[in-house]
Every structure is written in structure tokens, then in C-alpha cells.
Amino acid sequence: MSEEIFRLDGRKANEMRNLEIKVGVLEQADGSAKVILGKNIVLAAVNGPRELHPKHLALSQKATVRVTYKMLPFSVENRKHPVPSRREKEISKVLSEAFESVVLTHLFPRSAIDVQVQMIQADGGSRTAAAIATSAALADAGIPMRGLIGGIASGIYEEKCVLDLSGIEDNVGTGDCPILYAPSLDEVSLLQLDGKFTPEQFKTCFNMSIEAIKGIVEKQKDALVEKYVKIRDEILSHEIGHEEVTSIEEVSDVTEAKPHTTTQEEILVEEIPMETETEEEILEIEEEPLPEPTVSPQSLESASAEKHDVFEPARPLIIKNEEPKEESQVSTDNLESPVEPQSVSSESSSPVFIPPDISTPQMAEEQEMAEEQEVSETTSSEEPEIAVGTEEKPIPADAIEEEPLKPVSEIIYEKNKELEKKEQPPARRGFFSSRMAELLKKQYVSEQKEDEETLEVTVEEEDEETPNKNKSDIERDLEFLDYLDD
Amino acid sequence: MKGISILVEEKDLVVPGQVVAEGNYSIDSGIYKQGNKYFSEYVGTFWKNGNKISVRPLKGRYYPKVGDMVIGLVEDVALTSFTVDIGGPYPAILLVSNATDAQFDPIKDDARKIFKTGDAIRAEIISFDRTRDPQLNTKKEGLGKLVGGRIIEVNPMHVRRIIGRNGSMISLIKEKTETKIIVGHNGRIWIRGEDLKKELLATEAIDKIVREAHVSGLTDRVAEFLTERS
């Protein structure tokens, strides 16, 4: 990746936007998560496994995973009509299928696991943000899963592979490829592709996304255990502080006699002959092996050893003196979970691909753009068509003349100015419009002769039509270099 | 010991897809095996007992099991049966023949005389499998309609901590707060005290257990809490 700044927000090519994940934000849902990815704000709520209505959808062998993706009317620039759009239905469907591959659905036959995903604010890559939220919320709800899923989009912007396209980059760019991936399983759950990629570009984008997703899933893990670690640290720091105060003189001898590790070993030895019931009791006694939060390691050591001494004699008392109550059978019975999911059905392990009957995400993007952009006569998805269809007019005549609005990088700004002075194509909305037009024109000239040379990977089928791609690639690269020299 | 290596410490927090062990162990629950590795299915705590390993989830819905004592709410009364909500993915069925020993003739008798819609009942699950909804029974001693008191709902994954080993925790709360408490496996807890204050104290103690269930030394903390408050 070149270090040159060429993205609107000054990111590097393989740099993603700021990501925040918070889990358990809703009280009513079984599990929930809030994800902020750049300007995207997503809220996901999980309910289930619960009764499935309507009943005829019930599968006798497994649970149905139903993800519903919805955008709030104010989530985009112009009001989004609240009626579910084709794009929302598509995303709901592909997310449902992607998550069915990781949720252990066979444990809950005839039931439903419902996920509601609300886009509070959308700005490019919203389906991957929704997937990150869904994965975290499912795990938070205690739904058994084979692994956590992360997702990120990558694509072609300015003829370069970039990670995590923002809204404008998505509109102006020529390719978009959202990927959902489970790092622990090394499985791709969702792969959509929109636009034109060369095999090299695709590989670059794919690898970039996979690397980024590994980081995303780490963040999910942190978010999932954060709440529990916080409570544990709070309690332990309180306890340690308390005990230090009470018996600070006696500690020194005990520390030498019983370092921190011995406490654990002793208890483990004792544990083996006992019944499973004893686990509960041991839990009460044993000191957690913890990342010591506030206290120095020495004091923790002493405190734990101390604690062990204090609590050791108390245990037999509790065991013997307690009369088994009415509920006592409960504690033993409840030890095993109802089903032992040792084998994972092979079908669920295969990655989910998009079935051919879905219409292309290109259409989805078109619609999204139409809604988001006020003056969208020249949306990016139209650009390839224009380039192919009309030679003289790579840019529609009715496009609005406009100076570049927000120069982020001075270099690029200057470049654009120069270009506009040389040849004056009608400028279009968006910062890089004139430059894009220039590129597309040149691209078209090279494509005119060998029209079918570019690799075209569509969502329907990933066919590779690459008879003479090398030649055209080199040509185009040369042209691009010439252009940069200008 | 056949196992080769355990990769996380006991009682550590794990997340779905995390490798907890490699080698040869027997799985208790909450873990699946793929190849040579053992993966966690839940956000939970890791447990090891001899060669048996398990992950206990920290949250989750109730899943019925034969023999469980549950607290259900009567949703619907039919001629000879009741539909009961027990909080799981499936509605439970309670036949009149499983509800009472008395002779019941659907032509003459009204099932609503036994249980009405909205009644809270304590029942045992007598049959359940993947293909059929759970069946209940209320004929045993101590089962049947719950009168008075209040019902609170907690996450079913915390029920075993609330009961404690051999009922130690729940009897502690009962003793200190002077309340009657019945814990259902499905996370519903019925509490009846002499006055509202005692019921609320018991509720608070249970909330504390739920919040701190994954940290050791719970019984002592709860005892301390109750002594402080009462």
C-alpha cells in the first residue's frame, strides 16, 4: 500500500474507520449490541430461541434464524420511506443465511431466533456494521454459536483497493465487496461483490478484509466479557482491600508459606474425588486467578493465601450441616445441559453463498444512492454503463457544474484544478468527479478494442471472463501512470 | 489423563469460537469439537472436572428438561388440558388427568375450577423431546397453584447459583429474610414474606447473586449483605 493520502478522510488504504462495540445495551431483549463504525450507528436486539410464529415456518430439525434489517427514516440524508425497501429485504435475507451457518440451530428444533437490526445512522458499509452488531448480540443472548463473525467491506476507489468504504467512496468508487468471515473457523459466511475487479484487486481486497476482520472479532470478544470482568474486578479489589486492612500484621508469614499458586493446586487435588456438586462449593473458596487490577502482585498473593486460610475450615461445615432442601435435587439435576452438541452438522459448516435468485447489490447501491444524494444524476453505478454505452459523453450533459467543495488534501486539490484547466469536461457533484471522468474516458478508450477483457465477478455467478486480461491491464496501468505524470 | 492441553484457566471467561482445549477430553456441555480442538459455544465460564470439560453460559433462555421443577403461567384452558407458559421456546401442556386425582368428566366438570387463565402454578416436566412439546404434572406434593407473594424472573442460567449447593444459598436467604421462596428451573422465583419489606430484601439478594454469579466467594458476600441489611 502506498502511503500517499488519496482518501477523503485521510485514511490509509488498509485503514478502517473507528469501531466501537457495546454489548447488553437493551433490557427487554435477551441480548443486544450497539456498534458504531465511522458514521454508522447500529442497534441489534436478539430474542430467542422462542416460539415460532407463524407456525408453518417451523423446521422440525432446527431453529430458524430471522434477521430483520431496518433503516430508520432519519438514518440517511434524505428521508427514507419506512416501507421495507428491496435493499432492506435483501440484507435481511443474506444476514439470516450468514448467521444460520454459525448458530447451532439443531439444538432448538421448531423454534425461532429473532434478530432485529436497526440502522440509526447509515454511511457506507452498513450491512457489515449490522453483521458485527448481530454477531455480538447473538453471543450476548447466550445463543450457542460455533464462532463469532466479523465483517467489513472493501472495494475499488480511485483505481486502488481500499478497506471500509465510506458513503462517498462507495458512491464514487467502482467496486464494493462486503465480506463476513469467522476467524476461529476460517470460514467465509458472506461474500458479495458489486462492480469490476481484476483478480489481483480482488485478492488484495479479500486479504485486506480478512486481516481487518480478525481485529474486529477481537474487539467483539473484549466487548462481550467487559461487563463481567468489570464486576469481578470491582468485587475482588474490594475484598482484597478489605482483608489487607483487617490482618495486615499476620500476612508476612502466610505469604511465604503459601504462595498464590498453591491455593489452586490444593483445591484441584481435592476436587477430583468429590462429586460434581462440590464445584459450587469450591467456587466459593477458591481465589480467582486474575489480572490483578488495583493491588500490587505481592499484596494480592498475600491476600489470597490469607483468604484460603480463612475459608478452608468453613467448607466442611457448610457441606455437612445443610439439610437437603426441597430444591436440593435441582442443583445436581441442572448440571448437564439438555443436549450435548458434540457433532456439528456438516451442512452448517459450509460457507453461505448468495443464491442466484437475489438481484444484484448494484441495484441496491443505486437505490441507496438515489436516496442519499440530492443530485444523483451521475451515480457511480451508472458510470461503467456510460463508459461502455456512449463514447463522446462519458458524463451526462445535465450534470451540475460545481467547484470541488471540501479540499482535504491540498495535493489532490491542486491536481484536480490542473485537470480542469487542461480539458474542461462538465464537472459533476463530488470531490473527485472530474478526475473520475477522465479516468473512465481513458479506460473506455482502452476497453473499446477488447471489450470483454476485464474480469467481471457478479453476485449471481462468479464467472471469470478473462481471455486477454493481462494485456489490457498493462495498457491501463501505463495510461494511469501517464495520467499521474500529467 | 488423556488430554493434551487446556488452553484457558478454570473459571476463565470464554467467548464463542474460542479454543479452550486441544487433545482428547470428554465434553460435558457448552463445547463442540472440530478436528483436534475444542471450541466454546457460549460466552461463559470454563470448567474442568477430571477429563470432563464444559462451558457454562452466563446468559440464555430456558430449555426444558424432564424432571425440572418450573413455575408456569396458565395461558389457556381447554376442555381437558391447559396450555402453560414456562418461558422456553415451547408452550407446555398440562392435561387435566395430570393436574388432579379426582374424577373429571369434561361434560359435567369445568377445567377452570382446577386452574384459571393467569394462575401461577408450580409443576414438574414429565416428558419432553425434540418432536413434542413439554408435558407437565402437578399431582405431586408441593406442586400446584401458587397463592400470594410475588414472582420475579431471573436468567435461568443463574438458577443453580441462586439455589446453591444442596440449597445452601436459597436457605440462607430464606432464613435471613424470613420469607418463603420457591425457585423454578425456568428462572421464575416465587417469594412470599410477612411484609413487602422482606420480600424486597429477598429480591435484592437475588439480584446481587445474578449480578455477581461469575465471581467466587458468592455465599459469603450474600451472607454479609443480608446481615448488613436485616
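This is a predicted model: local features need pLDDT of at least 70, side-chain atom pairs count only at pLDDT 80 or more; totals for chains, interfaces and linings use all residues.
Figure 1. B:Lys11 is placed in the loop between β1 (5-6) and β2 of that chain. B:Lys11 is buried, because 21 other C-beta atoms lie within 10 Å. As background, most residues other than glycine have a negative phi, and most peptide bonds are trans.

**Figure 2. Two cis peptide bonds of chain A, A:Gly48 to A:Pro49 and A:His53 to A:Pro54.** The bond that joins A:Gly48 and A:Pro49 is cis, with omega at about 0°. A:Pro49 is part of strand β3 (residues 40-51) of chain A. The bond between A:His53 and A:Pro54 is also cis, and its omega is about 0°. A:Pro54 is found in the loop between β3 and β4 (64-71) of chain A.

**Figure 3. Helix α2 of chain A, residues 126-140.** The helix has 15 residues. From its first C-alpha to its last, α2(A) reaches 21 Å, close to the 21 Å expected at 1.5 Å a residue. How many residues of α2(A) are buried? The count is 15 of the 15, so the helix is largely enclosed by the rest of the structure. Just after α2(A), A:Gly142 adopts a positive phi of about 75°.

**Figure 4. The largest nonpolar core and a second, separate one.** The largest nonpolar core contains 100 residues. Which residues have the most contacts inside it? They are A:Ala44, A:Ala130 and A:Ala133. Leaving aside residues up to four places away in sequence, A:Ala133 touches A:Ala33, A:Lys34, A:Val35, A:Val42, A:Leu43, A:Ala44 and A:Val117. A second, separate core has 41 residues, among them B:Ile86, B:Ala92, B:Met169 and B:Ile170. In soluble globular proteins, nonpolar side chains tend to be buried together.

**Figure 5. Strand β7 of chain B (residues 44-49) with its partners β2(B) and β8(B).** Chain B as a whole has five helices and 17 strands. Of its 230 residues, 50% count as buried. Among contacts in chain B with a separation of 6 or more, 56% are between residues 24 or more positions apart. Strand β7(B) is mostly covered, with five of its six residues buried. Strand β2 (residues 13-14) of chain B runs antiparallel to β7(B), and two bridges join them. Here B:Val14 stands opposite B:Gly44. Six bridges connect β7(B) to strand β8 (residues 52-57) of chain B, and these strands also run antiparallel. In this pair, B:Thr45 stands opposite B:Arg56. The hairpin of β7(B) and β8(B) has two residues between the strands, and B:Gly50 takes a positive phi near 65° in it.

**Figure 6. The open three-stranded sheet β15-β17-β16 of chain B and the helices α3(B) and α4(B).** The three strands pair in the antiparallel sense. β15 (150-153) and β16 (179-183) of chain B stand at the edges with a single partner strand each, so one side of each is left without a neighbour in the sheet. From one strand to the next, the twist averages 25°. Four bridges hold the antiparallel pairing of β15(B) with strand β17 (residues 188-193) of chain B. The bridge partner of B:Ile152 in β17(B) is B:Ile189. Helix α3 (residues 168-177) of chain B lies across β16(B) and β17(B), running at about 160° to β16(B). Helix α4 (residues 196-211) of chain B packs on the sheet and touches β15, β16 and β17 of chain B. The direction of α4(B) makes about 150° with that of β17(B).

Technical notes. Residues are numbered from 1 along each chain as its sequence is written. Chains are lettered from A and ligands numbered from 1 in the order in which they are written. A residue is buried if 20 or more other C-beta atoms lie within 10 Å of its own, exposed if 12 or fewer, and partly exposed in between; C-beta atoms are placed from the backbone. Two residues are in contact if their C-beta atoms, placed from the backbone, lie within 7 Å. The expected span of a helix is 1.5 Å times one less than its number of residues. A nonpolar core is a set of buried Ala, Val, Leu, Ile, Met, Phe, Trp, Tyr and Cys residues joined through C-beta atoms within 7 Å. Two strands pair if DSSP finds at least two bridges between them. Axes are lines fitted to C-alpha atoms, for helices over the stretch in contact, and angles run from 0 to 180 degrees between N-to-C directions.
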